[in-house]
Amino acid sequence: MATTRGRQVFANQIVFDQADFFQTDGFTRVTGITVSQLTCEIFFNNTPLPWLFVSGVGVSDAQVAAGKVYWMEIPGDPGRYSVRWRPNAIGYWRLLITYPA
């Protein structure tokens, strides 16, 4: 499970994070993970929000909108994933991404 570990953020400021998932050996990165293979939960002040979890491939930072969490494998770096989202309020936010495999 990857998490932003809860943080104070500001409205309309893009949050950039990286998610890492490893195979059972603890060293080999899992490559090719898509949105459909994951679950995403986002909380504002400990209240879950019904935000969409979508592919961030081809989405520029200027296009990142509140209400969505964007996921993509970093080009040229297999097994490393970028997560972006834009909070729409000042407060305490937490993002959980789970890879059930």
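## Strand pairing

β3 and β8 pair in the antiparallel sense over 6 bridges (pairing needs at least two DSSP bridges; strands are DSSP E runs of at least two residues, numbered from the N terminus). A19 stands opposite Y81 in β8. This is a predicted model, in which local features need pLDDT of at least 70 and side-chain atom pairs count only at pLDDT 80 or more, while totals for chains, interfaces and linings use all residues. Residues are numbered from 1 along each chain as its sequence is written, and side-chain values use heavy atoms, without hydrogens and water.

Strand β3 covers residues 15–20. V15, D17 and A19 point to one face and are buried (under 20% relative accessible area, 1.4 Å probe, protein chains only).

## R86

R86 sits in the loop between β8 (80–85) and β9 (91–98). R86 is buried but has no salt bridge (a Lys or Arg side-chain nitrogen within 4 Å of an Asp or Glu carboxyl oxygen). The nearest side chain of opposite charge, D61, is 7.6 Å away.

The R86 side chain reaches two backbone oxygens: that of N12 at 3.0 Å and that of V64 at 2.8 Å.

## Aromatic pairs

The whole structure holds 8 aromatic pairs (Phe, Tyr or Trp rings, the six-membered one for Trp, with centres within 6.5 Å). The W51 and W85 ring centres are 6.4 Å apart and the planes are at 75 degrees, so this pair is edge-to-face (planes over 60 degrees apart). W51 lies in the loop between β5 (47–49) and β6 (52–55), and W85 in strand β8, 34 residues apart. Both are buried.

Ring pairs also link F21, F53, W71, Y81 and Y99 into a cluster.

How values were computed. Helix = DSSP H or I, 4+ residues; strand = E, 2+ residues; numbered from the N terminus. Buried < 20%, exposed > 50% of the residue type's maximum accessible area, 1.4 Å probe, protein only. Lys, Arg positive; Asp, Glu negative; His and termini not counted. Polar contact = N/O pair within 3.5 Å; in protein donor to acceptor, adjacent residues only side chain to side chain. Phe/Tyr/Trp six-rings, centres within 6.5 Å; stacked < 30°, edge-to-face > 60°.
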